[in-house]
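Me: I would like to learn how to read strands and their pairing in a model such as the one below. Could you take me through it step by step?

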Amino acid sequence: MAFSRRKFLTLAGASAAGATVLSPLEAFYAKAAMGQMVRGIGYGPLEPRLPLNSSDLANTVAGDLRGETILALPPGFNYRVLSVTGQTMSDRSIVPAGHDGMAAFPGPRNTTILVRNHELGTSSPNPVVGGTRYSTGAQGGTTTLIVGPNRELIKDFASLAGTIRNCAGGPTPWRSWISCEETFSTSTNITSSGAVEVRNHGYNFEVVADENSGLVNPVPLIEMGRFSHEAIAVDPRTGDVYETEDQGDSCFYRFVPNVRPRRPGDLAKGGTLYALKIKNQPGVNNFAVNTSNNPNLGGQIGRIPVGQAFPVEWVKVDNPNPSSESNRRGVRFQAQDKGAAIFFRGEGAWYAKGLIYFTATQGGPPAFDSTRGNGQVWVYDIARQEITLLVEAAPTGELLDEPDNITVAPFGDLFLCEDGGGEQYVVGVSQKGELYQFAKNILFANNPDSAIRDRFADNEFAGACFDPAGRTLFVNIQTPGLTFAIWGDWTRRFSSGR
């Protein structure tokens, strides 16, 4: 275990009178308040395991991976590698690099449709290619994978092209994927007539989840905001879209569409953008609360107690499409000048049972080896209009190291993709209030060649999501660009018994 790994996870209890804490983390607070251990067994100890299709991995950008153990998983779980950067796709283009956010949708004939982001900028040896592009000078986008009921890849193709740093995003109830640009930048686009123009970036784009979509028409969803987007989660009852922002002084947003969306394209009809403000909290900038609990990041230790629910309101962003972020014209500055709360690097988001879960990857008290924190997990209760800090990693915690992408399993557990220093895990949070390590990236972890380790080892997990039947977990390792299908007996989870 690398020295930089954290030693413990600190969770604080909440009084029965002062908190609203809902599944799947209700038991966390009861256990923590009684001083009980919150480290769980999960599905058992992790064991190095070969992919079942190891023989197919002879020629990859990472070399010959036949016989290479890539993941460590609990007993009884297996996996396949579905898609590797550099392989040839069904549309005869190359699988792009930078696998990131992803979601799964039901397809015809018991197939699963995956729409996957590629976090690429303006220069990459393995870009998303295609003729229908938002900008000729940008190389990010999405690909779509059709996976059979036997968890084997049937078809794959580019589905969005010409965007920048497509980091995370989120699924919609109307069978589309919202792909988010994590940038506030421009690119140079060459039009069909040869004219040169500047393209703004920092938008969301919608990609229909369809086995025959091909490259979609790239329409920026301008009124959802121009900022460094990370992820979205949709309230299926209203169609409101909740958005995270990956900045050190980010906000948490809600987009209220002009027309309740029921099909792809409806979000392009516009709407109003709001940012979350915590009520009745004295602070700075018109009561803009810094939620980091970190004095190095503008917060205060313990300012936001774990487990305490805070009432919120929403402040309107007057100009969601600024041409510049200078002079406090950026979206987050407009919101904070009206009192919007500040989160340190908002990242993954997911909807489940009336709740929006999201991460603040480096929030929390200073880590022992950094001025930044080891991460927080938040939940927003839509009906109660309350926000709660659910999990905050301690400075020396080993159970959670900078959570990024997040998903909620059909059986209620949270799955968090780590993007921290050293070893990388998929961390589960059970409904009994226990954290457990479900998967570990062990690709080239013990390779004697330091150049190979530096390039390929200990890279982040991303894009965790379950198939519609709840039997398969799909997840990516961003570099060298691998997509996995993982399955086993999801009912066979152990409790620590404490």
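Reply: Two strands pair if DSSP finds at least two bridges between them, and strands (E, at least two residues) are themselves DSSP runs, numbered from the N terminus. Here six bridges join S21 to strand S22 (residues 386–393), and the two run antiparallel. This is a predicted model, in which local features need pLDDT of at least 70, side-chain atom pairs count only at pLDDT 80 or more, and totals for chains, interfaces and linings use all residues. Residues are numbered from 1 along each chain as its sequence is written, and side-chain values use heavy atoms, with hydrogens and water left out.

Me: Which residue in S22 is the bridge partner of Val379, and how many residues lie between S21 and S22 in the hairpin?

Reply: The partner of Val379 in S22 is Thr388. The hairpin of S21 and S22 has four residues between the strands, and Gln385 in the turn has a positive phi of about 55°.

Me: Which strand do six bridges join to S21, besides the case above?

Reply: Strand S20 (residues 355–360) is joined to S21 by six bridges, and these strands run antiparallel; Ile356 stands opposite Tyr380 in S21.

Me: How should I read the side chains of a strand?

Reply: In a regular strand the side chains alternate between the two faces of the sheet. In S21, Gln376, Trp378 and Tyr380 point one way, while Val377, Val379 and Asp381 point the other way. Buried means under 20% relative accessible area, exposed over 50%, and partly exposed in between (1.4 Å probe, protein chains only); six of the six residues of S21 (residues 376–381) are buried.
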